[in-house]
Amino acid sequence: MSNESDAEDAEAVGGAEDPGAAVAPASFELGTDGPKVILAGLDGSDSSWRATAYAAGLARRQGAVLAVAYVQPVLGAATALAGAAVEETTQEIAEELLAALREAEHRVREVWRVEWRFLTLRGDPYTGLAKLADELRADAVVVGTSEQAGHRVIGSVAVRLVKAGRWPVTVVP
């Protein structure tokens with residue numbers, strides 16, 4: 001292919017002759033290159049820990065803030081009678097996850113650092129992660145694959161996040 005045909009092809013799609021081609025879109029943020037916030041879903045499962053580690057590596061390499069979220073499940077009516085005990089248990093899980101994150105940060109502190117936050121809220125995991133991703137204006141969401149067999153039928157959190165199509169979603173096995 002000659003240089004002339006390349007130039008003709010470029011002009012046909014609005015190439016160098018188009019003065020608007022070099023203008024940044026209105027939503028462009030001057031001075032940012034790459035993600036600012038990466039959201040990782042953590043529920044204590046092995047795949048969610050791998051997803052959090054993967055997201056931490058992304059955040060470190062990109063200079064982004066890592067937001068680690070645990071959505072405390074709201075259990076059905078069958079467990080409503082045990083309400084306070086269930087609420088206490090999910091809060092204990094959140095505290096254990098935070099302690100494990102702090103311990104992991106302490107172990108690797110001399111090697112690398114990443115700015116991170118731990119967030120927790122109650123509700124459906126998909127709805128909670130979606131809400132946090134929107135509120136934080138997350139540039140990416142990282143979650144682990146589901147380890148529950150029923151999710152193959154009704155859809156996992158990861159599949160629902162991908163189908164929402166509002167953020168890039170990475171699913172870590």
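Predicted model: local features only at pLDDT ≥ 70, side-chain atom pairs only at ≥ 80, totals over all residues.
I started at S48, which is found in helix α2. Helices here are DSSP runs of H or I with at least four residues, strands are E runs of at least two, and both are numbered from the N terminus. Residues are numbered from 1 along each chain as its sequence is written, and side-chain values use heavy atoms, with hydrogens and water left out.

**S48.** Buried or exposed? S48 counts as buried, because its relative accessibility is 3%. (Buried means under 20% relative accessible area, exposed over 50%, partly exposed in between, with a 1.4 Å probe and protein chains only.) I then looked up where its side chain goes: it reaches the backbone oxygen of S45 at 2.9 Å. A polar contact is a pair of N or O atoms within 3.5 Å; within protein, one must be able to donate a hydrogen and the other to accept it, and residues adjacent in sequence count only if both atoms are side-chain atoms. Leaving aside neighbours within four places in sequence, S48 is in contact (heavy atoms within 4.5 Å) with G41, L42, D43 and G144.

**Whole chain.** I counted elements next and got six helices and five strands. From the N terminus on, they run α-β-α-β-α-β-α-β-α-α-β. Of the 173 residues, 31% count as buried. For contacts with a separation of 6 or more, residues 24 or more positions apart account for 75%.

**The sheet.** The five strands form an open sheet in the order β3-β2-β1-β4-β5, with parallel pairing. Strands β3 (116-122) and β5 (169-172) stand at the edges with a single partner strand each, so one side of each has no neighbour in the sheet. Neighbouring strands are turned by 25° against each other on average, direction ignored. Axes are lines fitted to C-alpha atoms, for helices over the stretch in contact, and angles run from 0 to 180 degrees between N-to-C directions. Two strands pair if DSSP finds at least two bridges between them.

**β1 (residues 37-41).** Five of the five residues of β1 are buried, so the strand is largely enclosed by the rest of the structure. In a regular strand the side chains alternate between the two faces of the sheet. Here V37, L39 and G41 point one way, while I38 and A40 point the other way. I listed the bridges on both sides of β1:

- Five bridges join β1 to the parallel strand β2 (residues 65-72), and I38 has L66 as its bridge partner there.
- Three bridges join β1 to the parallel strand β4 (residues 140-144), and A40 has V142 as its bridge partner there.

V142 also has T170 as its bridge partner in β5; β4 and β5 pair in the parallel sense over four bridges.

**V37.** V37 sits in β1 and is buried, at a relative accessible area of 10%. What does V37 contact, leaving aside neighbours within four places in sequence? I found A64, V65, A67, L136, A138, D139 and A140. V37 and A133 are 96 residues apart in sequence, yet 8.9 Å apart in space, C-alpha to C-alpha.

**α2 over the sheet.** Helix α2 (residues 46-62) makes a right-handed β-α-β unit with β1 and β2. A crossover is right-handed if, with the strands pointing away from the viewer, the path from the first strand over the helix to the second runs clockwise. The helix lies across β1, β2, β4 and β5, running at about 150° to β4.

**Cores.** A nonpolar core is a set of buried Ala, Val, Leu, Ile, Met, Phe, Trp, Tyr and Cys residues joined through side-chain atoms within 4.5 Å. The largest one has 20 residues, of which L66, W116 and F118 touch the most other members. β1, α2, β2, α3 (83-108) and β3 each supply at least two residues of this core. A second, separate core of 17 residues includes L39, Y126, L132 and L136. Back to F118: not counting residues up to four places away in sequence, F118 touches V68, Y70, A94, L97, L98 and L101.

**P73.** My last stop was the loop between β2 and α3, where P73 is found. P73 is partly exposed, with a relative accessible area of 30%. Leaving aside neighbours within four places in sequence, P73 is in contact with T90 and G123.
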